[in-house]
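Here is a short report on selected packing features. Keep the sequence and the model open beside it.

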Amino acid sequence: MQPLSSFLSDHWVTPDGPATPIHHAVTGEPVAALASSGLDRAAALEHARQVGGPALRTLTFPERASLLRDLGKYLLTRTEELYELSSTTGTTRADAWPDIEGGPGVLLTLASKGRRELPDGTILPDGDTEVLARDGSVVGAHVETSRRGVAVHLNAFNFPCWGMLEKLAPTLLAGMPAVVKPAPQTAHLAHALFRQVVNSGILPDGAVQLLCAEPGDLLEHLREQDVLTATGSAATLRTLRSHPALLRNLVPLHGEADSLNAAILAPSATPDSPEFGLFVREVVREMTTKAGQKCTAIRRILAPADQQSALEEAIVTALDDVRVGDPADPDTDMGPLVDLAHRSRVREAIAWLGEASTVLRDRSPFHEVDPERGAFLAPTLLRADDARATAVHDVEALGPVATVIPYTDLDEAVDLAALGRGSLVASIFGSDPGEAAHLALGIAAHHGRILVVDASIGDAHTGHGSPLPQLLHGGPGRAGGGEELGGLRSLRPYLQRTAVQGSPDSISRILSTWQPGASRTADKGHPFTLTFDDLEVGDAITTASRTVTLEDIEAFADLTGDHFYAHMDEEAAAASPIFGGRVAHGYLVVALAAGLFVWPDPGPVLANYGIDRLRFAKPTYPGDTLTCHLTCRRKTLRAGTGYGEVAWDSEVVNQDGDVVAAYDVLTMVANRSGVNGAE
Ligand code: NDP
């Protein structure tokens, strides 16, 4: 059998040297093979740095987001081939769905967030500007830019598709190229997906490469600007953390490891409550989905001691209904483990756990399959003999295996959860929000994600074991200390944050965002008459002035119904420690400012869609005269729409030059060619 090829330096390369077979999880027959010689890993890394990185960095965030969207859509039309291959790895169709369709789902989610939330450029400002000199002449800010190296992704066997794409999405969006190394057991599935990625022709040259082989000397060639991400067992992460080349070359490592995730049945989830049934369903689902080979699966079932036996009985009964057999058979609920070697490891782990626990259930009929040739294993439920025994909090059996652990009160449940020394996820099932809050806050420091379920979300929640692109995935301590997903937080490993200090003009130019104190251009006419293309950051207008009268305030109060005493009651307002007399409504100030700065005729400004960062800095009294300084602060092109978003710095000052209100006015401004290309 010819070994799987690798995609290196934009070519498919078939390795030489001895080949190792990948086995069918059900039949044990070889389905593919891997070999490792003759692959130039150093050249691949250099190709990424020299070709892929520069190509990606010339694209703006919205352009990169469009690539992700196109790729996600493309892959979703080609899933059938992957489903067929996936059953050779032991997964049922339902098991495979999060891997095969969840992966493109991450691409689409990040694409959409990238297009909506990232600036139209290649740099990402981070946070507000700091004024560093009392007179505002020196300011500082933070900016994030693409790292200039290559990201290497070492992936685990259990999510060959999702695992690849959930890492590629933020890497590419951040403007870094990547080399992906799939795990050997499911490399044929990763290979098939990657072939689709290449065939799509959507990504620039050098943006992504695939090493379907042993890592070899790959890590030896990593450097300071590169990034290594590794998903795998805690033992693998330990080895990688002390890898000499990583230490020598100061390569950042972001780890996603295994964890002994807990599900906590809260005392309020008594056997007659809906939460009890929901808990049993979730435990059984987590134990048997993908035959329990999920990093997020429930391994420890924490139950109030007086509910423990009812819970054990309910779980055993539910597990008896799980049909174990060929994953290609639609009646099958649970397929085999990935291969016989992995089954041996899981059996070994069960034996370790068995030294500290009692077996409650470990037998199942295997339907129409040969359990000697396929890696079948019965769902196995254990009960800890000692709630604090090290093994039950330390040994990951990456299969359909979980241990029931009793606790006496909420604080003990918190302590027991912490014995996992850091987990990806925990879930809490109960009807009492106070109890759930106590548990959640008690265990939060040890967890990356916490799911709280009461009956009101019994059918709507997305599950204990499902990482979501919008929410963080990862966990402290043993879970690897990494953070993935979490929306645009996922870009962090691939961006370098830099503090920049200088004059407001310099910082405005670096951030492409006008900073208070920077030059303003007021000689191009009213900026609302300029199209998105003609408008530049810093274009500004100082409006005419308007004096606020008591009649204005009373008319505004009558119009809106806002008769707050500070506007309407002379005596009460005079007694106020803040106002000392009647003042204008803050919203009246904002409305009057709009009256000063808007351009009344139809023009490029299509709409005002909101206000950001509104602050009323000082009261406005009857008789005060207001003037507005309006400055184009930031432009964000919405590609393909015919318009862009423009944020205007609006500063309303009184006759003494004191700022009374400051905010960003958000508008949509048409391109020169007009919306949808209409002149
Ligand atoms: P492994 O730790 O065995 O391997 C993970 C990856 O690391 C493989 O691609 C492997 O490739 C590579 N690898 C291992 N050692 C080295 C090394 N010294 N240098 C370079 N690469 C190396 O994990 P599995 O594939 O068996 O996956 C299962 C484990 O992953 C479980 O413990 C599970 O909990 C965890 N996991 C964690 C997830 C998370 O998000 N936190 C998600 C999915 C799984 P090779 O074998 O070719 O060396």
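## Two crossing helices

Helix H2 (residues 61-76) packs on helix H7 (residues 187-200) at about 125°, with the axes 10 Å apart. Leu71, Tyr74 and Leu75 of H2 meet Leu193, Gln196, Val197, Asn199 and Ser200 of H7. Contact means heavy atoms within 4.5 Å. Helices (H or I, at least four residues) and strands (E, at least two) are DSSP runs, numbered from the N terminus.

## Basis

This is a predicted model: local features need pLDDT of at least 70, side-chain atom pairs 80 or more, while totals for chains, interfaces and linings use all residues. Residues are numbered from 1 along each chain as its sequence is written, and side-chain values use heavy atoms, without hydrogens or water.

## Helix H15

Which residues of H15 are buried? In this helix (residues 433-443) they are Glu435, Ala436, Leu439, Ala440 and Ile443. They fall within an arc of 125° seen down the axis, so they line one face; the arc uses directions from the helix axis to the C-beta atoms. Pro433 and Leu441, on the other side, are exposed. Buried means under 20% relative accessible area, exposed over 50%, partly exposed in between (1.4 Å probe, protein chains only).

The buried residues pack against strands E12 (261-265), E19 (423-429) and E20 (447-453), and helix H14 (410-418).

## Pro379

Pro379 sits in the loop between strands E16 (366-367) and E17 (380-384). Its relative accessible area is 0%.

How values were computed:
Axes are lines fitted to C-alpha atoms, for helices over the stretch in contact, and angles run from 0 to 180 degrees between N-to-C directions.
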